[in-house]
Amino acid sequence: MAKKKTARKKPEPMLIKAPEPERRRAARIYKKLQQKYPDAHCALIHSNPFELLVATILSAQCTDVLVNQVTPAIFKKLPTPQLMAKADLVTIESLVNRVNFWRNKAKNLKAMAELLVEKHGGAVPQTMEELTELPGAARKTANVVLGNAFNINHGVVVDTHVGRLSQRFGFTEETDPKKIERDLMALFPRKNWCMLSHLLIYHGRAVCKARHALCLDDDLCKRYCSNADVMAA
Ligand code: SF4
């Protein structure tokens, strides 16, 4: 079984609350985003923690749309960690070969399933430490699974949308995802961490796109993002 190289425990981000005015501003933006996207949810289709773990591992540097096209066949043929652990690598590769880095991802899926069976009795663990020991699962994957499969707000999922919007809304000046996550955890109450990333992702897809952000078309942006002023000038 392929062993994950980085087994050493990684330090957790230091939890220091941001100053009160910044937290109040962040809360106002959060409320507006909630009103704007009341249906925000995890875009990866799944019906149990194992399926979400598989989908999240496949989603690294790949669109959720493509992952959702690929996963139904995987979930049908290999619905449990036991079946995935026993499957030939070639079989797994044939199921995932439309996503990028598919050879590596197939290897990780098999090794992940083997470790779930060997160490966790076939259940997906519910701690950051145990999840990040699984091949193919880094902190972002663990945060997705903890937040969406188990309702555990351990941290904030920082993907490209969350990173970009956090900078544009002035939540952070950092570019490193771990530091962005730390700044978001300082600004928002723990109970909102999982939903926060969904809301930012929804706004990132609908309005604050990486290119051609629709700054002047959106009331929330006009009020809270300095970029809207720049665009209007
Ligand atoms: S004003 Fe523009 S840059 Fe700022 S959050 Fe809105 S769309 Fe993004």
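Helix α2 is mostly covered in this predicted model: eight of its ten residues are buried. Which residues of α2 are buried? They are F50, L52, L53, V54, A55, T56, I57 and L58. The cover over these buried residues includes the helices α3 (64–77), α4 (81–86), α5 (89–96), α6 (102–120) and α8.

Let's look at one of these partners, α8. The axes of α2 (residues 49–58) and α8 (residues 139–149) come within 10 Å of each other, and they cross at roughly 150°. An angle over 145° counts as roughly antiparallel, so α2 is roughly antiparallel to α8. The crossing of the two helices is right-handed.

Which residues make this contact?

| Helix | Residue range | Residues in the contact |
|---|---|---|
| α2 | residues 49–58 | P49, L52, L53, T56 and I57 |
| α8 | residues 139–149 | T141, V144, V145, N148 and A149 |

By type, the contact holds seven nonpolar residues and three polar ones, with no charged residue.

Now for another part of the model, the ligand. Around the ligand you will find R168, F169, V207, C208, A213, L214, C215, D218, C221, C225, N227 and A228. How does this shell divide by residue type? Nine of its residues are nonpolar, one is polar and two are charged.

Notes
Residues are numbered from 1 along each chain as its sequence is written. This is a predicted model: local features need pLDDT of at least 70, side-chain atom pairs count only at pLDDT 80 or more; totals for chains, interfaces and linings use all residues. Axes are lines fitted to C-alpha atoms, for helices over the stretch in contact, and angles run from 0 to 180 degrees between N-to-C directions. Helices (H or I, at least four residues) and strands (E, at least two) are DSSP runs, numbered from the N terminus. Angles under 35 degrees count as roughly parallel, over 145 as roughly antiparallel, 65 to 115 as roughly perpendicular and the rest as oblique. A crossing is left-handed if the near helix is turned anticlockwise from the far one by less than a right angle, and right-handed if clockwise. Two residues are in contact if their C-beta atoms, placed from the backbone, lie within 7 Å. Ala, Val, Leu, Ile, Met, Phe, Trp, Tyr, Cys and Pro count as nonpolar, Asp, Glu, Lys and Arg as charged, and the others, Gly among them, as polar. A residue is buried if 20 or more other C-beta atoms lie within 10 Å of its own, exposed if 12 or fewer, and partly exposed in between; C-beta atoms are placed from the backbone. A residue is near a molecule or strand if its C-beta atom, placed from the backbone, lies within 6 Å of it.
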